[in-house]
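Work through the exercises below with the model open. Try each task before you read its solution.

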Amino acid sequence: MSITNATDSAPVTVTDLDLFADDVLADSYPTYSRLRELAPVVRLPASDLWVITRYDDVRDALGDPATFSSSGVAFNETMNEVLKGTSLATDPPDHQKLRTVLTENLSPRAVRKMKDGIYAKADALVAGIAGRESVDGVAELARIFPISIVMDLIGVQGEVRDKLLRWGEAAFNLQGPMNARAEQAFPIAKELFEWTHDAVKAEDLTEGSIGRGVFAAAERGEIPYESCGMIIHQYIAAGMDTTITAIGNAIVLFGRHQEQFQLLREDPALTASAFNEVQRYLSPIPVMGRRVMHDVEVAGTVIPAGAQAALLIAGANRDPRHYDNPETFDIRRDATDHISFGYGTHACAGQGLAKLEAHGILTALATHLESFNVGGTQSRINNITRPYEYIEMRDIRAADPTSA
Ligand code: HEM
């Protein structure tokens with residue numbers, strides 16, 4: 001499909017559902033699939049959104065920032081104002097400079113240096129649950145692990161460590177429409193903003209941490225001092241709920257698809273492909289916002305200039321026009337081109353780190369456990385992310401160390 005400038009108007013498919021209603025957020029995939037099969041573009045007048053539903057169109061839109069601007073990355077105007085000047089909400093050409101500063105510490109080279117430490121941490125956590133009858137996979141793995149990685153990355157110490165989770169959660173609630181969840185998140189996100197932009201000083205952060213290094217770069221004049229707060233803010237906001245969600249998803253999927261877990265155990269070379277498939281099957285960020293800069297035709301429908309677009313990443317990742325049997329979780333498929341990390345200019349700056357964390361956990365699960373089941377689960381409703389609050393891991397059989 002191609003996105004071209006509109007020349008004349010075309011019919012528009014309209015529906016009255018609310019993408020951010022509690023019941024839709026609690027169980028989104030049936031709605032995403034309904035929208036995708038309804039039309040490539042669906043207008044939701046109640047929330048004033050234009051939803052792009054299919055793989056090719058979502059990816060093209062992500063790859064076309066001149067038409068689909070990140071000035072509308074959030075689904076409410078207050079937040080889009082707050083985000084002005086961040087890499088996330090800035091379009092090219094200004095975006096590149098902000099992103100360069102942000103990604104310096106997350107480059108493949110920088111991330112490679114963290115590998116041993118991250119794998120050792122994952123290994124110790126999973127070794128600690130092997131053989132136990134039942135554990136909460138969120139408290140003992142999915143949450144504690146990414147939080148400790150982000151804390152070490154930034155070098156956070158003291159009471160701030162306890163606030164990170166709430167801050168990360170609030171940052172994503174605020175990207176949704178201005179509903180009760182977003183309103184309640186404002187004072188919490190304000191704390192995060194004030195801490196990163198006003199309160200935190202280099203000496204508050206652990207010696208040798210990346211957070212401390214960011215301040216050192218400013219002191220050497222390599223980056224503007226004002227960028228320090230923005231960088232630390234984005235690491236916390238973008239790097240917590242996303243990874244917590246992804247690791248929780250991996251635990252639930254492998255606990256419920258025993259045969260897939262055995263495939264992973266038998267062939268560790270499948271680890272990267274397994275995480276791609278986890279990300280394709282369950283997208284931690286199911287939808288991203290964009291502002292439409294000029295009238296544009298997408299698959300036959302004209303979206304007008306100024307419209308708020310919703311790019312349905314999760315629906316696209318299960319588009320049968322792109323993936324065979326998309327509702328099947330299969331770690332042997334090639335899902336490298338899933339778009340859960342976005343695509344194009346704004347593609348996730350922290351994906352190297354996120355992959356390292358997930359690969360570390362998958363490797364440790366496959367090494368230490370012969371099998372495990374997942375019983376009850378509980379999710380936390382957030383406007384954007386989909387984190388588990390609780391995952392009952394049970395019948396956790398330790399692997400026979402002599403069979404390795
Ligand atoms: C599984 C975990 C993760 C997922 C699914 C994820 C997903 C995404 C997505 C979809 C975007 C694109 C946003 C857009 O197009 O507007 C993005 C951007 C970003 N992510 Fe991630 N992310 C994850 C982990 C992380 C981590 C661990 C960090 C850093 C510590 C991080 C930092 C960022 C930053 C800074 C951006 C903005 C990049 C830019 O504007 O150029 N992410 N992420």
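A salt bridge is a side-chain nitrogen of Lys or Arg within 4 Å of a carboxyl oxygen of Asp or Glu. The model is predicted: local features need pLDDT of at least 70, side-chain atom pairs count only at pLDDT 80 or more, and totals for chains, interfaces and linings use all residues. Residues are numbered from 1 along each chain as its sequence is written, and side-chain values use heavy atoms, with hydrogens and water left out.

**Exercise 1. Salt bridges**

Task: Find how many salt bridges the whole structure holds. Then describe the pairs Glu207 with Arg212, Glu222 with Arg220, and Glu392 with Arg394.

Solution: 
- Step 1. The search of the whole structure returns 22 salt bridges.
- Step 2. Buried means under 20% relative accessible area, exposed means over 50%, and partly exposed is in between (1.4 Å probe, protein chains only).
- Step 3. Glu207 and Arg212 meet at 3.9 Å, N to O. Glu207 is exposed at 66%. Arg212 is partly exposed at 26%.
- Step 4. In the pair Glu222 and Arg220, the closest N and O atoms are 2.7 Å apart. Glu222 has a relative accessible area of 49%, so it counts as partly exposed. Arg220, at 56%, is exposed.
- Step 5. Glu392 and Arg394 meet at 3.6 Å, N to O. Glu392 is buried at 19%. Arg394 is partly exposed at 33%.
- Step 6. Arg143, Glu169, Asp241, Arg380 and Glu389 form a network of salt bridges.

**Exercise 2. The iron and its ligand**

Task: Which protein atom is the donor to the iron atom of the ligand? Which residues lie closest to the ligand?

Solution: 
- Step 1. Apply the donor rule. Donors are N, O and S atoms within 2.8 Å of the metal (3.2 Å for Na, K and Ca); water is not among the atoms, so sites may look incomplete.
- Step 2. The iron has a single donor from the protein: SG of Cys348, 2.3 Å away.
- Step 3. Place Cys348 in the chain. Helices (H or I, at least four residues) and strands (E, at least two) are DSSP runs, numbered from the N terminus. Cys348 sits in the loop between helix H17 (313-316) and helix H18 (351-368). Cys348 is partly exposed, because its relative accessibility is 28%.
- Step 4. List the surroundings. A residue counts as near if one of its heavy atoms lies within 4 Å of the molecule. The ligand is surrounded by 28 residues, the closest being His95, Arg99, Arg290, His346 and Cys348.
- Step 5. Check polar contacts, which are pairs of N or O atoms within 3.5 Å; within protein, one must be able to donate a hydrogen and the other to accept it, and residues adjacent in sequence count only if both atoms are side-chain atoms. A side-chain N or O atom of Ser87 is 2.8 Å from a ligand oxygen. For His95 the distance from a side-chain N or O atom to a ligand oxygen is 2.7 Å. A polar side-chain atom of Arg290 is also 2.7 Å from a ligand oxygen.

**Exercise 3. Cysteines**

Task: How many disulfides does the whole structure have? Is Cys228 buried or exposed?

Solution: 
- Step 1. A disulfide is a pair of cysteine sulfur atoms within 2.5 Å.
- Step 2. The search finds zero disulfides.
- Step 3. Cys228 is buried, with a relative accessible area of 1%.

**Exercise 4. Strand E3 and its sheet**

Task: Which strands pair with E3, and where does E3 sit in the sheet order?

Solution: 
- Step 1. Two strands pair if DSSP finds at least two bridges between them.
- Step 2. E2 (residues 13-14) pairs with E3 in the parallel sense, over two bridges. Thr13 stands opposite Val42 there.
- Step 3. E4 (residues 49-52) pairs with E3 in the antiparallel sense, over four bridges. Here Leu44 faces Leu49.
- Step 4. The open sheet has six strands with mixed pairing, in the order E2-E3-E4-E10-E7-E5. E2 and E5 (68-69) are the edge strands; each pairs on one side only.
- Step 5. Both faces of E3 (residues 41-44) are covered. Val41 and Arg43 are buried on one side, Val42 and Leu44 on the other.
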